[in-house]
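Dear colleague,

Please find the structure below, with its sequence. A short account of the findings follows it.

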Amino acid sequence: KGVVCGVRVEEIEEPLMREIRYLDKLVDELAKGKSMDKILPDINYDLSQNVRHERGSFPVQALWDDAKTYQSSDYPYHWHYEMEISIVERGSVIYAINGKCYSVWERQAIFVKPNALHSTIHSEEYFSRILLISPHVFGDHAEYISRYIKNIIRFAPDAVVLDGSSHWHMEACGLIEDAFRLCHERPESFELDALIVLFHIL
C-alpha cells in the first residue's frame, strides 16, 4: 500500500498499471534505505521468493491461500524455482505473468511456469489451493526423467488456465485436487502416490 505521484496504488483499477506503480513504490522504499526484508519479508532483492522445503522431505508445498491473510488485494511481483498450480475455490484472481494478465475464476485452475515473474490481484472473497512443486521432486539423478521435465519447463508457455474450454481440463483439475489432498494431509507413504498423480498432471 502507498501513494506514488499522488495516486494511491491500491485504488488503481487496471491490473498491469497497478503493478507498475507498485514497483515504483518498491523502488522508492528501497531508495529511502529500507531493506527488502522489511518491505517484503519472504522476497529477496532479485524478487525471488523463499520457498522452503525441509531437508530430505518431499519438495512439494500444499497451501491454502485466502484473501483474509493479505493486507491488500494484491501480492507483488516475484518468481520461484517451483512450478505453481492454483485452483480457485471461491472468488477470482488475476495473475500478471511477464506482462500478460490471466483471469482465473471459481472452480478454474492455472499452471505457472517455474521462474516466471508474476504477481496476483484477488477479489475480496478469494480462496484457493496452491501447489508449489519443485522440479527436484521428479528425480535429480534419473537422466531420462530430468530430460523430460526440463523440456516441459523450457517449451511450456508462461501459464495455462484450465477454464473448461478443453475436454481434458476437468480431468486435470481432479488430479490437482488429488495431489493437493495427498501433499497437504501427507498420509503414511504418500510420496509415491503423489508422484504418480503429478506425472499424470504433466
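Angles under 35 degrees count as roughly parallel, over 145 as roughly antiparallel, 65 to 115 as roughly perpendicular, and the rest as oblique. The model is a predicted one, in which local features need pLDDT of at least 70 and side-chain atom pairs count only at pLDDT 80 or more, while totals for chains, interfaces and linings use all residues. Residues are numbered from 1 along each chain as its sequence is written, and side-chain values use heavy atoms, with hydrogens and water left out.

Helix 4 (residues 169-185) packs against helix 5 (residues 190-201) at an angle of about 155 degrees, their axes lying 9 Å apart; axes are lines fitted to C-alpha atoms over the stretch in contact, and angles run from 0 to 180 degrees between N-to-C directions. The two helices are therefore roughly antiparallel. Helices (H or I, at least four residues) and strands (E, at least two) are DSSP runs, numbered from the N terminus. Residues of helix 4 that meet helix 5 include Leu175, Ile176 and Leu182, contact meaning heavy atoms within 4.5 Å.

An open sheet is formed by 4 strands in the order 4-9-6-7, with antiparallel pairing; two strands pair if DSSP finds at least two bridges between them. Strand 4 (74-78) and strand 7 (100-105) stand at the edges with a single partner strand each, so one side of each has no neighbour in the sheet. Strand 6 (residues 92-97) pairs with strand 7 over 6 bridges, and Ile97 stands opposite Lys100 in strand 7.

Yours sincerely
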